[in-house]
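Opening my notebook on this one. I want to jot down what I looked up, one bit at a time.

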Amino acid sequence: MSILVTQSSMPPIDEYVEEIKPIFESRRLTNMGPVYKKFQHRLKDYLEVPELSLFVNGHMALEMAIHALGLKQKGMEVITTPFTFVSTTHAIVRNGLKPVFCDIKPDDYTIDPEKIEALITEKTVAIIPVHVYGNICDVEAIEAIAQKHNLKVIYDAAHAFGVKYKGIGIGNFGDASMFSFHATKVFHTIEGGGIAFHDPAYRTKLHELKNFGIHGKEDTVSVGGNAKLDEFRAAMGVCNLRHIEEYIAGRSKVAARYNERLGNIPGIIIGKPQENVTANYSYYPVYVDEKLFGKSRDLVYDELEENDIHARKYFYPAVNEMSCYKGQFEETPIAHDASMHIITLPMYQELSLEDVDRICDIVLG
């Protein structure tokens, strides 16, 4: 049987049908209707954030957060990481900004704050760090740098849904945090995204940006786009939010079995739990050291593929080595090394421990 790198969590179908019945009755399908508002309030409570705006997907949420924070200034620079999904960088570039890539830490693959200050220039307006695989950035060090240099901070928290640091929801750090609710994530609305933020002044800006710049019933006050989350996806969010703790608990059992099988193998490096962090087990990355393990990451990947098990080289290549950006930026050797050696193994709450054992047998065989 085929095993994919992830499998979308789904609530009981009867539960979803009950949630969408009022949509059929009202015929109100979009434009931030009652289901959107219900989902928004419940999600805001779950994430424990002061403000939350919902979007059609995480990418548009990030693009519009950059715009709303007043960063859309042609030629200005944003410090970010190349070890991320390309969407992060695209959101910067599509706002007319120049990405400046900072290398990552080798232990948790997040941006290295010790290397940020050397990259700051008179053109730097913001830092966009990325929480990777559920590992969170050094939010305290980044905050200190941002305050010292008067920079905005927007976190790409696509991998960090439900994660807490010292008991605080991860969406509370920085000026804003973007969450992705894509079908492949721990929590999803099929497609969707959100921006958590502090300053209530951003609420109107984000609302107008995602709704054509329309203010009130008659006037359009700015140039905006269309990035609203519809009622059906909001209903999926309401349902999945009821089950999120069981989803995370299921993933934690899968991670524990992987740790048991792979945790003491020379040449196989698995992630260590971060101190003071409540994890969400969003991915299971493995660093493969060919010299010690005897097989390369790519060979492990190929052997899994031959057995109809679809892992992922995530993130490969690093963003600054992709065709659309290659040769335009400084090299980041640690990010490059990670991109060449990491494989993310299948991870989802319904993955059986027998299948985890089968995956590990192939990896170790």
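Before the sheet, a term: two strands pair if DSSP finds at least two bridges between them. Helices (H or I, at least four residues) and strands (E, at least two) are DSSP runs, numbered from the N terminus. This is a predicted model, where local features need pLDDT of at least 70 and side-chain atom pairs count only at pLDDT 80 or more, while totals for chains, interfaces and linings use all residues. Residues are numbered from 1 along each chain as its sequence is written, and side-chain values use heavy atoms, with hydrogens and water left out.

**Entry: the open sheet**
I looked up strand 12 and found three bridges joining it to strand 14 (residues 284–288), and the two run antiparallel. Across that pair, isoleucine 268 sits opposite valine 288 in strand 14. The open sheet has three strands in the order 12-14-15, with antiparallel pairing. Its edge strands are strand 12 (268–270) and strand 15 (342–345), as each pairs on one side only. From one strand to the next, the twist averages 35°. (Axes are lines fitted to C-alpha atoms, for helices over the stretch in contact, and angles run from 0 to 180 degrees between N-to-C directions.) Helix 9 packs on this sheet and touches strand 14 and strand 15; contact means heavy atoms within 4.5 Å. The direction of helix 9 makes about 30° with that of strand 15.

**Entry: strands 4 and 5**
I then checked strand 4 (residues 124–128), which runs parallel to strand 5, with two bridges joining them. Isoleucine 127 is opposite valine 153 in strand 5. Strand 5 (residues 152–156) is mostly covered, with four of its five residues buried. My cut-offs: buried means under 20% relative accessible area, exposed over 50%, partly exposed in between (1.4 Å probe, protein chains only).

**Entry: two single residues**
Is threonine 332 buried or exposed? Threonine 332 is buried, because its relative accessible area is 5%. I found threonine 332 in the loop between helix 9 (297–306) and helix 10 (333–341). Not counting residues up to four places away in sequence, threonine 332 touches Pro82, Phe101, Cys102, Asp103 and Asn320.

Leucine 292, in helix 8 (residues 290–293), is exposed, because its relative accessible area is 59%.
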